[in-house]
Amino acid sequence: MKILSCTQQKEADTYTIAHESISSIDLMEKAATLITEAICKRWDKSHRIVVFAGAGNNGGDAVAVARMLFQKNYDVEVYLFNIKGSLSEECHTNVLRLAECGFQKYTEVSTQFDPPKLTEHDIVIDGLFGSGLNKPLSGGFAAVVKYINAAPSTVVSIDIPSGLMGEDNSYNIRQNIIQADLTLSIQLPKLSFLFAENEEFVGEWELLDIGISQTFIEEAQTPYLITEPQDVTTLIKPRSRFAHKGNFGHALLIAGSYGMAGASILAAKACLRSGAGLLTVHAPVCNHNLIQTCVPEALVQDDIHEHYFAEPVDIDSYQAIAIGPGLGQEEDTALATLEQIKNCYIPLILDADALNIFGTHRNHLNKIPKRSILTPHVKELERIVGRCSNSYERLSKAKELANYLQCYIILKGAWSTVITPDGNCFFNPTGNPGMATGGSGDVLTGILTALLAQGYTQEESCKLGTYIHGLAGDIASQRMGEISMTANDIIDALPEAWKIITKTK
Ligand SMILES: NC(=O)C1=CN([C@@H]2O[C@H](COP(=O)(O)OP(=O)(O)OC[C@H]3O[C@@H](n4cnc5c(N)ncnc54)[C@H](O)[C@@H]3O)[C@@H](O)[C@H]2O)[C@@H](O)CC1
Ligand SMILES: [K+]
């Protein structure tokens, strides 16, 4: 699913009106009908509805919703802020339509605003500003936002919380943005909904399909997309009846150190549960028996060192390599890692401590082979690109890094993002907060290694891997609950996740 900018969203409205034989006012009527339905589904008539509308089309939506709720016998009040004394055409039409149906609790605010007392039981509809917002809110509008945010009522925002920008909020004023409980977004999500720091504004969000032109959406250029199930199910390669383990690749996992055998075991198990033909784990001597016992299906190759990875290995026999989980931060390990990846001609994944090395050895970044996959969480990324003050800045820096290195980056977190060398960003929809637990990232690395070994391309592996990882996490959370689930539970849920995605269930 594409994510369009607010400018593109306006273009989409215009295109739809021009090409789909629907007028602007009817498109608004469609939006208002769906918004009204979504509200009625959640709240009954015992709730008073207090509508705050702006002078543009977001306000037009809000006034139309007020009429529809009033006609369904809800107790509705409307405050329309017409500071400049001019309304958009559609907003004006809706104000007339509201009056025509005998609605009386209507206040047009031009200078002085006497705010109504809002209670816990009231539902506030925020239709002040939508995609037409062009600068942070200030003055009287900022005061209205602060008053709504301070009230105990439930707040429903139309299209986008008023004051929030669709993409970059770096220069916004956070106190002047509506904190919605529910955002009913028109047609497509906004990029800013996917950023952690905006959760307090957006709340829960739902998309309403008002029939914006599919042609426009298909042709629109955007680097931002949300991965949908069919995007990954279509990637799955069927297995030939005559397949043997040689068809599914031999993966090499360089992982673990004294005290961190677990990371290598989790990655190894996830790799084997994701279809690799063969797996060799290269590990320090101290972890040998543990790995053999916990993952008997894997081959174990000993490093020369007792406690950590110290000597690069020959890679000729492998189809994919992952390096990093639980490696530790010994200088010898860093040197061995840099040596290992230099001239690596096999698909490569760098994770965890293999990434931390570049925080302290930035001048070696250019040693990372092109098309490698880097899987940093926020802190690992910031050790490389420097501290970021918000998610938009972080995403931008990650895109720059992916482009500079010509690598794939999976920026891990809620909405884990696959960033391609040419700057496309695929946001992953699966997963839950229960996955914020030690070892969860090692599981992802194992899955990705298996996919690369089986011959999936880097981009396919990243999209499919993050999706299946999150899906397994969702199954684990159903079984164990978000609080109790561990990385091992994600691995245990992998067979179920793979069955769902290959539709063999
Ligand atoms: N037919 C259509 O065009 C449709 C429009 N829709 C709604 O229309 C919205 C977009 O409407 P508009 O383009 O009219 O934009 P808005 O309603 O978001 O706001 C427009 C007005 O706000 C002013 N403004 C912008 N930033 C401001 C600030 N910081 N302080 C004070 N004033 C500011 C602008 O100058 C403009 O006059 C969407 O978000 C959606 O809710 C939907 O009803 C779908 C159909
Ligand atoms: K709004």
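This is a working chat about a predicted model of one chain and its ligand.

Colleague: What is the secondary structure of the chain?

Modeller: The chain has 17 helices and 17 strands. Keep in mind that the model is predicted.

Colleague: What does the C-alpha trace span along its principal axes?

Modeller: About 85 × 50 × 40 Å.

Colleague: And how many of the residues are buried?

Modeller: Of the 505 residues in the chain, 50% are buried.

Colleague: What about contacts between residues at least 6 apart in sequence, how many join residues at least 24 apart?

Modeller: That share is 73%.

Colleague: On to the sheets. In what order do the seven strands run in the open sheet?

Modeller: The order is β3-β2-β1-β4-β5-β6-β7, with parallel pairing. The edges are β3, residues 106-109, and β7, each of which pairs on one side only. From one strand to the next, the twist averages 20°.

Colleague: Take β2. Is that strand mostly covered or mostly open?

Modeller: Mostly covered: β2 covers residues 75-81, and five of its seven residues are buried.

Colleague: How many bridges does β2 make with β1?

Modeller: Six, in the parallel sense, with β1 spanning residues 48-53. One pair to look for is Val51 with its bridge partner Val78 in β2.

Colleague: And with β3?

Modeller: β2 and β3 are also parallel, with four bridges between them. There, Tyr79 has Thr107 of β3 as its bridge partner.

Colleague: What holds paired strands together in general?

Modeller: Strands of a sheet pair through backbone hydrogen bonds, in either a parallel or an antiparallel way.

Colleague: Which residue is the bridge partner of Ser157 in β6?

Modeller: Thr183. Ser157 belongs to the pairing of β5, residues 154-158, with β6, which is parallel over three bridges.

Colleague: What stands opposite Thr183 in β7?

Modeller: Trp205. β6 and β7, residues 204-208, run parallel and are joined by five bridges.

Colleague: Next, the sheet of ten strands. What is the order there?

Modeller: It is an open sheet with mixed pairing, in the order β8-β17-β16-β15-β14-β13-β12-β9-β10-β11. The edges are β8 (224-226) and β11 (299-302); each has a single partner strand, so one side of each has no neighbour in the sheet.

Colleague: In which sense do β15 and β16 pair?

Modeller: Antiparallel, over three bridges, with β15 at residues 408-411 and β16 at residues 417-419. Ile410 stands opposite Val418 in β16.

Colleague: Which helix lies across β15 and β16?

Modeller: Helix α14, residues 391-405, which also lies across β17 (425-427) and runs at about 155° to β15.

Colleague: And what does α15 lie across?

Modeller: Helix α15, residues 440-453, lies across β9 (250-254), β12 (320-323), β13 (348-350) and β14 (373-374), at about 165° to β12.

Colleague: At what angle do α15 and α17 pack?

Modeller: About 30°, with the axes 8 Å apart; α17 covers residues 487-502. The crossing is right-handed. Ser440, Asp442 and Val443 of α15 make the contact with Ala487, Ile490 and Ile491 of α17. By class, that contact has four nonpolar residues, one polar and one charged.

Colleague: Why does Tyr345 count as exposed?

Modeller: Because Tyr345 has 8 C-beta neighbours inside 10 Å, and a residue with 12 or fewer is classed as exposed.

Colleague: How far is Tyr345 from Gln319?

Modeller: C-alpha to C-alpha, 9.6 Å in space, while in sequence they are 26 residues apart.

Colleague: Last one, the ligand. Which residues come nearest to ligand 1?

Modeller: Of the 28 residues around ligand 1, the nearest are Gly56, Asn57, Asn58, Gly130 and Gly132. The elements giving two or more residues to that shell are α1 (6-19), α2 (24-42) and α3 (57-71).

Colleague: What classes of residue does the shell have?

Modeller: The shell around ligand 1 has eleven nonpolar, eleven polar and six charged residues.

Terms used
Residues are numbered from 1 along each chain as its sequence is written. Chains are lettered from A and ligands numbered from 1 in the order in which they are written. This is a predicted model: local features need pLDDT of at least 70, side-chain atom pairs count only at pLDDT 80 or more; totals for chains, interfaces and linings use all residues. A residue is buried if 20 or more other C-beta atoms lie within 10 Å of its own, exposed if 12 or fewer, and partly exposed in between; C-beta atoms are placed from the backbone. Two residues are in contact if their C-beta atoms, placed from the backbone, lie within 7 Å. Two strands pair if DSSP finds at least two bridges between them. Axes are lines fitted to C-alpha atoms, for helices over the stretch in contact, and angles run from 0 to 180 degrees between N-to-C directions. A crossing is left-handed if the near helix is turned anticlockwise from the far one by less than a right angle, and right-handed if clockwise. Ala, Val, Leu, Ile, Met, Phe, Trp, Tyr, Cys and Pro count as nonpolar, Asp, Glu, Lys and Arg as charged, and the others, Gly among them, as polar. A residue is near a molecule or strand if its C-beta atom, placed from the backbone, lies within 6 Å of it.
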